[in-house]
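Keep the sequence and the 3D view open beside you, and look up each part as we come to it.

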Amino acid sequence: MRPRPPSWRARYQQRFASPQTVVIQPTTWCNLDCRYCYLPFRKLKHQMPPEVAEVLAQQVAELEDTGNPIGVVWHAGEALAVGQQKFAALLDPFEELRHAGRVHHYVQTNATLITDTWCHLLSAYDVHLGVSIDGPAALNAERVDLRGKPAFDRILRGITQLRENGIPFSVISVVGTLGIAMPEELMEFLTTLGAHSVGFNIEEIEGINTDRQPPTAVQAEEFWSRIITWSRKHPGAPAVREVDRLAGYLQLIRSGRRAEWDRRLLDPIPTVSWKGDVVLLSPELADTTAPEYGDFAAGNILGRPLTEILRDAHRLRYVREFLTGLDRCQTECEFFDFCRGAQAANRYFENGSLKSTETNYCRVSRQALVTALSTLATKETAV
């Protein structure tokens with residue numbers, strides 16, 4: 001008699017941990033209009049009422065205490081565009097959790113609105129800052145304001161304010177078809193900014209960004225190879241997020257601590273919209289019109305606690321399809337042990353199905369990175 005296959009609940013629990021990150025959308029609006037942006041409602045000025053933040057803080061307190069603070073990430077619009085008074089009102093309900101070490105705030109910002117008073121507020125709430133800048137002016141040209149004017153100088157002014165106020169920050173750069181061929185220039189510029197780490201989001205097809213040509217896997221492998229080589233020659237440069245992740249994986253495997261890596265399950269990344277709607281798996285799925293998946297809505301915190309939404313995640317069609325896709329990846333892909341299945345949003349936007357496997361995101365952001373390091377190691381061994 002053949003054993004019964006595991007239930008959907010069991011399959012979900014085998015893949016996913018309790019949330020380590022909660023993404024919160026304080027506003028849909030952004031004061032920039034980057035040409036590669038995936039957000040469909042960035043020109044609408046919806047804002048999260050403090051009452052929604054209060055309910056959410058109460059529900060975050062009910063999530064499993066793993067001993068590590070939950071990252072509360074204010075994103076999916078320009079968070080600082082709500083203004084200092086309103087942003088403080090959104091942060092205040094989390095203060096008891098923050099002082100207890102249960103949460104830590106993060107903001108991903110374009111930095112154009114940062115002033116001394118913003119710096120004082122961010123310091124008071126111990127907010128970790130990530131700044132979006134794509135490199136020197138020529139590589140940052142896609143980041144423009146609502147009138148189409150370059151935002152580069154305003155971003156630099158914001159970064160200067162952070163440095164003058166002693167606020168540490170990381171950087172995320174979107175790498176397009178121009179920047180993919182200029183890794184050394186990119187790293188040299190980013191190093192001058194004073195960030196403690198940098199991350200590279202190779203441009204993706206997602207959300208409403210569907211018409212642009214993203215970099216290829218061949219270009220990406222060359223990019224990562226040169227990034228790794230440059231970083232080795234400049235030990236004082238900021239850490240590269242993707243390279244550090246791969247190095248951490250290899251260190252655990254080589255030191256006989258595979259079990260520790262295997263215990264690292266995926267994060268369901270609940271993303272809470274300005275009005276309390278919850279989407280799981282990928283923040284990029286929020287505000288996506290997809291009738292076949294109920295627009296990816298898993299519930300609303302005003303009508304159902306977040307713990308219940310997560311408890312029943314395995315019942316959602318798109319979560320089940322993603323689990324099926326992960327099973328296929330594990331069976332078919334030689335990179336799965338490191339990659340762990342990449343992103344749900346990329347599967348949907350690139351392939352139209354969460355049951356699908358390989359995406360261009362996989363090829364350029366995970367596979368090309370591994371192959372680049374492997375090729376470099378082979379060359380060094382042969383010398």
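## Charges over rings

The charged end of which residue sits over the ring of W29? Turn to K45: its charged end is placed over that ring, 4.6 Å from the ring centre. Please keep in mind as you look that this is a predicted model.

A second example involves an arginine. The charged end of R245 sits over the ring of F338, and here 4.8 Å separates it from the ring's centre.

## Aromatic rings in pairs

How many aromatic pairs does the structure hold? There are 17 of them. Let us begin with F200 and F223, whose ring centres are 5.5 Å apart; their planes stand at 90°, so this pair is edge-to-face. What does the pair tie together? F200 belongs to strand 6 (residues 197–202) and F223 to helix 8 (residues 217–233), so the pair links parts that are 23 residues apart in sequence.

W224 is buried, with a relative accessible area of 0%.

Now move along the chain to a group of rings. Y293, F296, Y318, Y348 and F349 form one aromatic cluster. F296, one of these residues, is found in the loop between strand 9 and strand 10, and it is buried, with a relative accessible area of 0%.

Look at the backbone here as well. Most residues other than glycine have a negative phi. F296 is not a glycine, yet its phi is positive, at about 65°. D295 also has a positive phi, of about 55°, although it is not a glycine. The loop between strand 9 (277–279) and strand 10 holds D295. Is D295 buried or partly exposed? At 35% relative accessibility, D295 counts as partly exposed.

Where is R304 placed? Look in the loop between strand 10 (297–300) and helix 11 (306–311). With 25% relative accessibility, R304 counts as partly exposed.

Which residues is R304 in contact with, leaving aside its neighbours within four places in sequence? They are Q59, A298, I309, R311 and D312.

Helix 9 provides the largest share, with 8 residues. By class, the lining of this pocket divides into 16 nonpolar, 4 polar and 5 charged residues.

## Two cavities

Our last stop is inside the protein. How many cavities of 30 Å³ or more does a search of the whole structure find? The search finds 2. The largest cavity contains about 50 Å³ of space. Its lining is formed by Q25, Y38, L39, A76, T271, S273, P283, A286 and D287. In terms of class, that lining has 5 nonpolar, 3 polar and 1 charged residues.

The second largest cavity holds about 30 Å³ of space. Lining it are E203, E204, I205, P214, E350, N360, Y361 and V364. Which helix gives the most to this lining? Helix 15 does, with 3 residues. The lining of the second largest cavity has 4 nonpolar, 1 polar and 3 charged residues.

Technical notes
Residues are numbered from 1 along each chain as its sequence is written. This is a predicted model: local features need pLDDT of at least 70, side-chain atom pairs count only at pLDDT 80 or more; totals for chains, interfaces and linings use all residues. Side-chain values use heavy atoms; hydrogens and water are left out. Rings of Phe, Tyr and Trp (its six-membered ring) pair if their centres lie within 6.5 Å; planes under 30 degrees apart count as stacked, over 60 as edge-to-face and the rest as tilted. Helices (H or I, at least four residues) and strands (E, at least two) are DSSP runs, numbered from the N terminus. Buried means under 20% relative accessible area, exposed over 50%, partly exposed in between (1.4 Å probe, protein chains only). A charge sits over a ring if NZ of Lys or CZ of Arg is within 6 Å of the ring centre and within 35 degrees of the ring normal. Ala, Val, Leu, Ile, Met, Phe, Trp, Tyr, Cys and Pro count as nonpolar, Asp, Glu, Lys and Arg as charged, and the others, Gly among them, as polar. Contact means heavy atoms within 4.5 Å. On a 1 Å grid over the protein atoms alone, a cavity is a set of points where a 1.4 Å probe fits but cannot get out, and a pocket is an open set with protein on both sides within 12 Å along at least five of seven lines; lining residues have an atom within 4 Å of a point. Grid points are joined across faces, edges and corners, and a volume is the space filled by probe spheres set on the points.
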